[in-house]
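Hello,

Here is the structure I promised to pass on to you. Have a look at it first, and then read my notes below.

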Amino acid sequence: MRFRFRRYASTVLAAAASTMLLCTQSSAAPMIRPVAAAAPLDPGFLWGVAASGFQSEGHAPDSNWTRYIAARPDYDGLQDSVDFYGRYAADIDLAASLGVRVFRIGIEWARLQPAPGVWDEGAFRFYDAVIGDIERAGMRPMITLDHWVYPGWAVDRGGWRNPGMVGDWLANMRAVVDRYASRNPLWVTVNEPVAYISQEVGRGGADPGQMLDRVAQAHNEIHDYIHQVQPGAMVTSNVGYVAGVEAEVNGGFIDRVAARLDYVGIDYYFGYDPAQSLLSAITRATGSAVPMPGMNIWDLPLRTEGIYYALQYYSRRLPGKPLYIVENGMPTDNGRPRADGYSRSDHLRDTVYWIQRAKADGMNVIGYNYWSLTDNYEWGSYTPRFGLYTVDVRTDPGLTRRPTDAVGTYTQLVNAGGVPDDYRPTRAPSFCVLVDPPASCLSPVGVP
C-alpha cells in the first residue's frame, strides 16, 4: 500500500508541477477568445434532477454500505434517510413542478436480489411504480444501475475481489434492463467509477487495478446487452471530473470504455486545488479520506466557470459524443448559508451561464441534472446539504421537504432556457491556475 501511495501521489504531484510550469511559461496575458452570447438553450435541452437509491430511499436491505456504516461509530446512522421509498410520489411531483424533463434514480441491486439467483418481485413493483410516476409526470427516467452499493451476499463472496463479481453483477443488471428497456430510459451503468473504486479499496479491500478492469468490463458488457434489448439506447458511465488532473484520475477508465459511451456523463463540482489533488491521490491509494484542517466538502473551491473547461475537455477527448452534466450542485454545512454569501441560486445561475457559453461555442451539451432534488445521505453523514429541497433527517421526524432559494431559480431557468443574454456571473472568472489548468490558462474564456 505504501508503494501504491507513492505512485499515485507522485503522479498527481508531477501533473500539478507540469500544470504550473505550463501556466508560468505561457504568455503573461494569453489571448481570451471572443465572447459568444449566452443564448438560450434549445427546447430539446434535457433539464433534470438527480437522486440515488441508497442515499435517498431508506428501508435499506443488507449491503456493503449498511455494513460499512455499522462498522463506523463516527458515521451518522442511515435510519430511513429521506424516505424516498415511502414518499417517492410527492418527491416526483416536486420535480415535475420545476418543469424538468429528466429524473435520475438508482435501482438498488441489494433490494432487487436478496439472495443469489433470487429476485424480489415486490422490489421490482416498487421501481415499476417509481418509473411509472416519473413518466406520468412528463419526465424521462434516467436509470443508474450501480451507485456504489451491492448486496450483503456479494460482500460475503468477496465483493469486487471476487472473480465472479462481474457475472453476478451482470445477472442482476440484465434483469433490470429486461424490465425497463421498453420505457426508453437514459442509462448510467456505474456512478463515478474511480470514486467507487477508492471507496472499495479502503472499505472492501479491493485491488484498484483489478477493480478498474472489472468495472470497465461490467460497463462494456451491459452496454452491449442494453443495445440488444433497446436499439438506439443512450448509455453512459458518469465520471467525477477532477479539475487539473482529469486525465490522471479518470483517463484509465475512459480508455477502457470510450467505444461504449453513447454520451459522456460528467459530474462537476469543484475547481482546482493542488493540495486537494494530492489528497485525492492519497484517497485513491489508501481508500481513506485524509482531511485537511478546515477542508470539509463545503470548503472546496467553487469555480463555476470550470464546468466550461470540463465540457471542453470531453468534447476534445471524445469528439462527436453528446455531453451531459449528470450531476452538479453546491454543498453547504448542514444547510447554513455560506460564509462568503454565495447562495445556491447564485451558484446555479452562474453554472448555467457557463453551460450556455459552452453550447454557444459549439460543444454538444444535451442535458443538465441538479444534484440533488432533496438532501440525502452523503456516504457517512447528513451534514453536507446539496438539495434543492432541504431535509433535516437528524431532528425532523416528519422529514419535511423545505424549499431552498434555488427552487424558484431553477424553475425560472428551465422555463426560460437558461439565463438571459445580458446576464453576467455573480463571480467573475478566478485566476486561471485555480480553475482547470493548463486549459484555463492556455485558452481562457472571459466575460464581457
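Leaving aside residues up to four places away in sequence, Asn-376 touches Gln-55, Ser-56, Ser-81, Val-82, Trp-371, Ser-381 and Tyr-382. Please keep in mind that this is a predicted model. Asn-376 sits in the loop that runs between β10 (365-371) and β11 (384-385), and it counts as buried because its relative accessibility is 2%, with under 20% as the cut-off.

One of those contacts, Tyr-382, also belongs to a cluster linked by ring pairs, together with Phe-54, Trp-65, Tyr-68, Tyr-75, Trp-148, Tyr-377 and Trp-379.

Tyr-269 is buried at 13% relative accessible area, and Phe-386 is buried at 4%.

Two arginines also meet rings. The charged end of Arg-174 sits over the ring of Tyr-225, 5.7 Å from its centre, while Arg-427 lies over the face of Tyr-342 at 3.9 Å from the ring centre.

Finally, there is one disulfide. It joins Cys-432 and Cys-441, whose sulfur atoms are 2.0 Å apart, and the link is right-handed, with 95° about the S-S bond. Cys-432 is partly exposed at 21% relative accessible area, whereas Cys-441 is buried at 1%.

Best wishes

How values were computed. Residues numbered from 1 in each chain as written. Predicted model: local features only at pLDDT ≥ 70, side-chain atom pairs only at ≥ 80, totals over all residues. Heavy atoms only, no water. Helix = DSSP H or I, 4+ residues; strand = E, 2+ residues; numbered from the N terminus. Buried < 20%, exposed > 50% of the residue type's maximum accessible area, 1.4 Å probe, protein only. Contact = heavy atoms within 4.5 Å. Disulfide = S-S within 2.5 Å. Phe/Tyr/Trp six-rings, centres within 6.5 Å; stacked < 30°, edge-to-face > 60°. Lys NZ or Arg CZ within 6 Å of the ring centre and 35° of its normal.
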